[in-house]
Structures are given as structure tokens and as C-alpha cells.
Amino acid sequence: MADFPGALPLATAAAIAALLAAAPTVAAQTDPDEDIAFHLVGQVVDIATGAPVRGARVFVAASEWMSLTNAEGRFILHDLDPGPHRLSVEQLGYRTLVAQVHAGTEAAPLRLGIEPDPIVLEGLEVVGRRFERRRRASGLRVSEFGQHDLAASSSRSAAEMLEERIPVQRTRCEDGGFECIFTRGGRVRPVVCIDETPMIDGWNALAAYRPQEFHMIEVYGRGGLVRAYTHMFMDRAARIRFLPAPSGSC
């Protein structure tokens, strides 16, 4: 297994929100007998170029509300209480943005500028080429799902997404207790590596993650080997120019 040092801190939050756009497009419930809720809409852009940032994760602090930006960098957060909210915007290769915003009848669409992190962007290119060389060296057909595929998935879990897209047919292993998959050779217990670490009950480990929590998933052959990488892992990997494990192992 490749040598991987301890966790490095993510890019520090940069409170540089550019709330630039104008026309209010916030929808509200108007029935006086019901609780009022608002939709917060906006766009995430590269602050250096003005280009939209796809697949960025927009969070409301202290809640489970999250939205992913589309190809135009746009997002919407539904049914927010009126008043101030603390948003976090995260995208690999950019410094995390934290911004105070306001949901209400006078709220305008947001334009949030995030700052590129050149070290991480360059490192992602280096590490990406290393992963590509490993896929070619395996001699197997490899299905790769990148961050845009994963961000757009409506599946409830990464395991469910793979079952739909590969497709993979699950079954109980003959010795019981773990999940196997059907292949031409019969039942196979898949090897699942998350962040280069082998999982004991791999398929059920994937079922614990939403697709959006991963930056990339590689499926070798018919699912006998699956490698999945979280955003945090890839951030660290880019910073240290991570060298992945050989093609046949985690």
C-alpha cells in the first residue's frame, strides 16, 4: 500500500463572497396560516475568471441543507427560514468560501466568487495522470465516474448508483455475512477500497456513502474491484502529489 501521511488541513475559509446580481427571484409561501419559507438561489463562479464552477457543494451551516451547482454554476436551496444564514461553498481545487447571506422577500440572487488554489489544481492534474496510468496497466475494462457524474446522481447511495450504472447484481456470499456480486464465474466477494483502504464488507461500506461524497469511483471489470476517493482524500493527494498503490491492490 502506498505511503500516505497524516491528514493535512483543507484550504482555509475565505470570506470573499461577491453578492453582485440584482433582480429578486425568491419564492415565498404567502398563506398567513402557514409558516413562511424561502428559496435561496445563486451562482458560484471562479473569482479570477468569472467562469461558472460546476459541481460545487453549497451548504447551510448547522443544517442538512445542501445544493450542488449545475453546469452554469447555479444552485437553489429550498424552504429556508427567513433571516440570516451562513453558507459554505466547497469545490476541490478552490479555497473554501464562507459567507453570511439573508433569506427573505427582498433577497436577490447570489453571485458567490471562490478563489482558485493553484497548488491543488496543479496537483490534481499530476495525480489524475497517475490514476490513468494505473487504469491502463490493469489490463481490465475500467468504468470511471468523475465528480460531475457523481454530483448529478439521484441515487441514494454510491452502491445503488453502481448497481444501476454497471450494472451489478448483489447476492449473499455462500459463507454468509457479507455481500457478494454475480459474475460469469459465479459469486465473487468484491474488493472495495475507499481512499486506498480496503473495506471488510466493501459493498455495504459503499452503501453508507452518497455519490456526492466522492470525487471519483473506479470500477474494474464487472465490479470485482472498486476504488472510491472522497473529496478530502483527493485534496490531500493533490497537495503531496500522491502516488497510488499498484493496479492489483488497495
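The structure is a predicted model, in which local features need pLDDT of at least 70 and side-chain atom pairs count only at pLDDT 80 or more, while totals for chains, interfaces and linings use all residues. Residues are numbered from 1 along each chain as its sequence is written, and side-chain values use heavy atoms, without hydrogens or water.

R241 has a positive phi of about 55°, although it is not a glycine, and it sits in the segment after α5. E196 also has a positive phi without being a glycine, near 65°. You will find E196 in the loop between β12 (191-194) and β13. With a relative accessibility of 3%, E196 counts as buried.

Helices (H or I, at least four residues) and strands (E, at least two) are DSSP runs, numbered from the N terminus. Five strands form an open sheet in the order β8-β14-β15-β12-β13, with mixed pairing. At its edges are β8 and β13 (197-198), each pairing on one side only. Two strands pair if DSSP finds at least two bridges between them; β14 and β15 are joined by six, in the antiparallel sense. In that pair, E218 has R227 of β15 as its bridge partner.

## Helices around the sheet

Which strands does α1 lie across? They are β8, β14 and β15, and α1 runs at about 15° to β14. Such angles run from 0 to 180 degrees between N-to-C directions, with axes fitted to C-alpha atoms, for helices over the stretch in contact. Helix α5 (residues 231-240) also packs on the sheet, touching β14 and β15, and its direction makes about 80° with that of β15. Contact here means heavy atoms within 4.5 Å.

Seven of the ten residues of α5 are buried, so this helix is largely enclosed by the rest of the structure. Among them are F233, M234 and A237. The buried residues of α5 pack against β2 (57-60), α1, β14 and β15. In α3 (residues 158-165), the buried residues are A158, A159, E160, M161 and L162. Their packing partners include α2 (147-152) and α4 (202-206).

## A pocket and a cavity

On a 1 Å grid over the protein atoms alone, a cavity is a set of points where a 1.4 Å probe fits but cannot get out, and a pocket is an open set with protein on both sides within 12 Å along at least five of seven lines; lining residues have an atom within 4 Å of a point. Volume is the space filled by probe spheres set on the points, which are joined across faces, edges and corners.

The second largest pocket has a volume of about 190 Å³. Four residues of its lining come from α1, the largest share. There is one cavity of 30 Å³ or more, and the largest cavity holds about 40 Å³ of space. Its lining includes R57, L150, F214 and H231, with the largest share, three residues, coming from α2.

Notes. Buried means under 20% relative accessible area, exposed over 50%, partly exposed in between (1.4 Å probe, protein chains only).
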